[in-house]
Amino acid sequence: MKCKCGVEVLEGSKFCPECGSKLPKPKAPVPKIADELVIDKVPPVINAKETAILLRISLWMVYELVKQEKIPYFTVGKRKLFRTQELLAWAGTQDEITTAG
Ligand SMILES: [Zn+2]
């Protein structure tokens, strides 16, 4: 990153070594679900996108499985939600998962 004086400073520095001015805090990254989910950090109820990550399938496939009632889910209003426990139990019983009707 660069100080306002134009000097390149190390990422995470609090002060510019050149002009001594205080550097702006780097913005904290927006918390988002990791690409690699740690199982014990997965909340008990997750959405379709998180399900895709958890099962390592595409979001499209999640919706396809939902549409064909092949995956355990429930709805809240119009949202489709998934219980992590059920998904893991379900995935553990599948040798081959197809979305073909
Ligand atoms: Zn500076």
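Is the crossing of α1 and α3 left-handed or right-handed? We'll get to that in the last view of this predicted model.

**View 1. The whole protein chain, from one end to the other.** Here you can pick out three helices and three strands. Follow the sequence along and they turn up in the pattern β-α-α-β-β-α. Of the 101 residues in the chain, 7% are buried. Take the contacts between residues at least 6 apart in sequence, and 30% of them link residues at least 24 apart.

**View 2. Strand β3 beside strand β1.** Residues 45-47 make up β1 and residues 79-83 make up β3; the two strands pair in the antiparallel sense, with three bridges. Look for N47, which sits opposite L81 of β3.

**View 3. Helix α1 packed against helix α3.** Now back to the opening question: the crossing of these two helices is right-handed. Helix α1 covers residues 48-55 and helix α3 covers residues 84-92; they pack at an angle of about 35°, and their axes are 11 Å apart. On the α1 side, T51, L54 and L55 make the contact, while α3 brings T84, L87 and A91. Sorted by class, that's four nonpolar residues, two polar ones and no charged ones.

Notes. Residues are numbered from 1 along each chain as its sequence is written. This is a predicted model: local features need pLDDT of at least 70, side-chain atom pairs count only at pLDDT 80 or more; totals for chains, interfaces and linings use all residues. Helices (H or I, at least four residues) and strands (E, at least two) are DSSP runs, numbered from the N terminus. A residue is buried if 20 or more other C-beta atoms lie within 10 Å of its own, exposed if 12 or fewer, and partly exposed in between; C-beta atoms are placed from the backbone. Two residues are in contact if their C-beta atoms, placed from the backbone, lie within 7 Å. Two strands pair if DSSP finds at least two bridges between them. Axes are lines fitted to C-alpha atoms, for helices over the stretch in contact, and angles run from 0 to 180 degrees between N-to-C directions. A crossing is left-handed if the near helix is turned anticlockwise from the far one by less than a right angle, and right-handed if clockwise. Ala, Val, Leu, Ile, Met, Phe, Trp, Tyr, Cys and Pro count as nonpolar, Asp, Glu, Lys and Arg as charged, and the others, Gly among them, as polar.
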